[in-house]
Amino acid sequence: MSHRSAPPPAPHDREQPSDAGDYDDGPVHPEPIAQFFDTTDADAPKPKSQASKARLRQRRRRRRTVVMLVVLLVFAGVVFGVAMMLRDLLGLDDVTDYAGPGGESVIFTVPEGAGSLAIGTGLESEDIVADSEVFMSSLAAIAGGREVQPGEYEMRRQMSSDGAAEALLGEDPTQVHYAAVARDLRQGEVFTVLSESTGIPVAEFEALAAAPAQFGLPEEARSLEGYLHPGEYRFDVALTATEIVQQMVDNTLAQLEADGITDPAEQYRILTIASIVQAEAGEGDYASVAGAIMNRLGPDNVETSGLIQSDATVTYGLGRKSYDLTPEEKADTSNPYNTYANPGLPVGPIGSPSEEAIDAAAEPADVPFFYWVTVNLDTGETKFSETLAEHARYVAEYQAWCADNAGRCL
């Protein structure tokens with residue numbers, strides 16, 4: 001028996017799945033893809049030319065470059081900020097030494113007994129050296145066994161530490177005479193100090209004092225009293241007595257000129273007041289005592305009738321230093337320095353006033369007082385008053401102190 005296979009079903013007889021998964025009995029006809037897109041739509045992608053593609057790549061490269069530069073700048077700023085902070089914290093910006101010989105000239109004083117630490121600290125505070133420790137290292141390396149001698153040195157602002165050390169050590173101490181002239185010393189006492197320092201006889205200095213005009217002093221000046229400026233000196237061994245005295249006088253005149261006092265007669269008057277201030281008061285009271293003296297010198301002074309009444313002036317005229325005066329000594333008009341008996345200023349200065357005392361005499365304080373008395377010689381406490389009655393109470397307080405401190409008020 002022969003068998004023939006059944007013919008395959010026609011294509012349209014099969015059920016075709018729809019796009020939704022259901023079955024549709026209708027025929028499936030593939031549609032051209034073009035009918036689903038409007039190729040004329042303006043938003044449709046268009047082919048790009050090679051030139052436009054190149055421009056796009058350039059823009060992208062530029063954007064990347066700008067971004068990278070911004071990132072680098074930000075990073076550099078952060079690094080710089082951190083570096084500056086570290087420099088501040090670690091003190092890396094601090095100048096430890098200056099270069100060169102320095103600039104502005106300045107006088108630097110080395111006190112007697114000052115060590116390298118005190119000298120270095122003083123130099124740094126004056127901006128002569130940048131760092132005291134660096135200076136001390138330089139000084140130790142250069143000294144070679146030598147020591148810095150006390151006295152005044154001409155230095156410069158912002159010197160190198162080596163230069164400053166050499167300036168302080170440069171002079172051979174055997175070639176200078178050191179003299180410490182204290183404030184309030186009288187002329188004869190100054191001459192003794194100078195003679196002991198230089199080996200020049202006191203008589204040579206006394207002979208110079210007998211002719212004060214040769215040093216530019218006014219005709220009122222009886223001697224060099226008041227013009228021998230106190231301070232620490234390092235006189236060259238080759239200086240004569242005349243040159244030494246001239247240097248000291250010039251220092252006093254320079255101080256008066258710095259206070260605006262240039263007339264020789266007025267300079268003499270200010271020095272006289274300053275010498276009384278120096279002898280009568282502690283430094284903290286200089287200006288007030290100067291003001292009280294000016295009140296006593298005023299034409300309308302009815303409280304003391306122009307009398308200054310200073311014990312220090314009377315004892316100067318008597319040739320001694322004492323706080324104790326007799327009624328007869330206070331009444332002696334023949335003593336030209338007696339300001340109890342003679343109104344106005346004494347005939348001249350009574351000692352060597354300091355710069356501070358000269359400053360006070362040139363610019364006295366505006367005070368209402370006429371009287372002052374130091375009630376405690378140990379502390380220097382001074383009490384001021386406007387009336388004699390009030391002053392008498394303070395004098396009693398001083399006398400009580402003297403009674404409790406035997407031998408101190410002679």
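Reader: Which residues lie nearest the centre of the second largest pocket?

Author: Glu152, His229, Pro230, Gly231 and Glu355 lie nearest, out of 17 residues that line the second largest pocket. A pocket here is an open set of points on a 1 Å grid where a 1.4 Å probe fits, with protein on both sides within 12 Å along at least five of seven lines; lining residues have an atom within 4 Å of a point. The model is predicted, with pLDDT of at least 70 needed for local features and 80 or more for side-chain atom pairs, while totals for chains, interfaces and linings use all residues. Numbering runs from 1 along each chain as its sequence is written, and side-chain values use heavy atoms, without hydrogens or water.

Reader: Which elements give two or more residues to that second largest pocket?

Author: β5 (176-181), β6 (231-236), α7 (241-258) and α12 (355-362) do. Elements are DSSP runs: helices (H or I) of at least four residues, strands (E) of at least two, numbered from the N terminus. About 420 Å³ of space lies in the second largest pocket.

Reader: And what volume has the largest pocket?

Author: About 1,200 Å³. Of the 39 residues lining the largest pocket, Glu280, Asp311, Ala312, Tyr323 and Tyr398 are the closest to its centre. Two or more lining residues come from each of α8 (264-280), α9 (286-297), α10, β7 (371-376) and α13 (388-404).

Reader: Which element gives the most?

Author: α13, with five residues.

Reader: New topic. Which residues touch the most other members of the largest nonpolar core?

Author: Leu194, Leu224 and Met248, in a core of 50 residues. A core joins buried Ala, Val, Leu, Ile, Met, Phe, Trp, Tyr and Cys through side-chain atoms within 4.5 Å.

Reader: What is Leu224 in contact with, leaving aside neighbours within four places?

Author: Its partners include Gln187, Phe191, Leu208, Pro212, Phe215 and Val249. Contact means heavy atoms within 4.5 Å.

Reader: Where is Ser322?

Author: In the loop between α10 (311-318) and α11 (327-331).

Reader: Buried or exposed?

Author: Ser322 counts as buried because its relative accessibility is 16%. Buried is under 20% relative accessible area, exposed over 50%, partly exposed in between (1.4 Å probe, protein chains only).

Reader: What is Ser322 in contact with, beyond four places in sequence?

Author: Thr315 and Leu410.

Definitions and conventions. Points joined across faces, edges and corners; volume = space filled by probe spheres on them.
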